[in-house]
Amino acid sequence: MKIPYVNGASHKLWVKRAVNFVFAAVVLTLIITFAKECWCSARSGELRSVAIYSRIEVISESTEDLSEKSFPSEESSTMNQEIVSVQHRSSLTTRTACQQHYFLLILVASAPAYFDRRRDIRQTWASDSSINPRWKTIFLLGQTRNSNHSKQLLREEAYYGDLIRADYFEDYWNQTLKIEMGFEWAAKYCNFTFLLKADDDVFVNTPALLSLLDNTKTPKTGLYLGHLYKHPRVQRKGKWLVTQEEYNETHYPDFCAGPGYILSQDVIVSFVNIFNNISKFRIDDVYVGMLAKEAGVIPRHHAGFQTPPYVSRMCVLLTDTVVRHSAVGSCLRDLFRKAMPALNATAVKN
């Protein structure tokens, strides 16, 4: 049998074509594999995203009493895993648990479009960078009808992992729904000692707040502390207008101003347990006062919780400032810089 003669040039051309073919096959395989992974990731992202409803979904009531619920300890806390067996009493959809016990849990009520406010808070007072952090900051958000914002929120949630979501559309008068879902998430998915509810336009002087909570005179249970409105009159005109049909009393129960107030863990649990006992009221801080009255919790006043018109419109850090309302953008950053020595001292101490 004769073997056909292949000259040197033809042999080199054959080898070159074979190598090119193998290279193209490898590249094509890698492209197909990468495309599959991207598609799967996208599908996974869709499954994790929060469903949007045109109305609040009615969720079947749970008879679970949170006062009898066992919370994860510091040693056995759930590491950011998804819990699927817990029923919700509010519009809460997030089921992600805290990674550890926190002395202070901060829940910040924010709106989907306020990306800049959340960024500034993360870059200033929100983070405890110590090895064993004492506090954790979480942002509470409903849904948005803006598709671009929805996509941005998915990326923000994936990157920072600090968003708690609910299945209602954002509206100024839906803040009570945000309070309920935030309190329920804290009660069911996090182990903490104190909770600060704050708005996204406040400055929190975390060293001063921790010092206040560490004080032996500060109650560790039954605590509801902030800027107290004592025996406040119901407004029948203006922004805070409430009709007789909505509320037929002349005065509200005592309550703490909404921009920032402290609640102990036992109070949060007791509030969640009586959600169904109190009709929803569209002024959220008044609603919390109603919950407190029903639960037998007495609101307390502290001058460090500063909100207009009882605090200067000028961006100044007072010696007793714990939480200051109306602080965004450059004012927030300026207040943080002024409080920085105390923040640095706290970081070194921890």
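The model is predicted, so local features need pLDDT of at least 70 and side-chain atom pairs count only at pLDDT 80 or more, while totals for chains, interfaces and linings use all residues. Residues are numbered from 1 along each chain as its sequence is written, and side-chain values use heavy atoms, with hydrogens and water left out.

Let me start with strand E7, residues 255–264, where strands (E, at least two residues) and helices (H or I, at least four) are DSSP runs numbered from the N terminus. In E7, 10 of the 10 residues are buried, meaning under 20% relative accessible area with a 1.4 Å probe and protein chains only. Strand E4, residues 191–199, runs antiparallel to E7 and is joined to E7 by 5 bridges, and pairing requires that DSSP finds at least two bridges between two strands. Phenylalanine 194 has serine 264 in E7 as its bridge partner. Strand E6, residues 224–229, is also antiparallel to E7, with 5 bridges, and there glycine 226 stands opposite tyrosine 261.

Turning to the rings, there are 11 aromatic pairs, counted when ring centres of Phe, Tyr or Trp (its six-membered ring) lie within 6.5 Å, with planes under 30 degrees apart called stacked, over 60 edge-to-face and the rest tilted. Phenylalanine 103 and phenylalanine 194 have centres 5.4 Å apart and planes at 80°, so this pair is edge-to-face. Phenylalanine 103 belongs to strand E1 and phenylalanine 194 to strand E4, 91 residues apart. Phenylalanine 103 is buried at 13% relative accessible area, and phenylalanine 194 is buried at 0%.

Technical notes:
Buried < 20%, exposed > 50% of the residue type's maximum accessible area, 1.4 Å probe, protein only.
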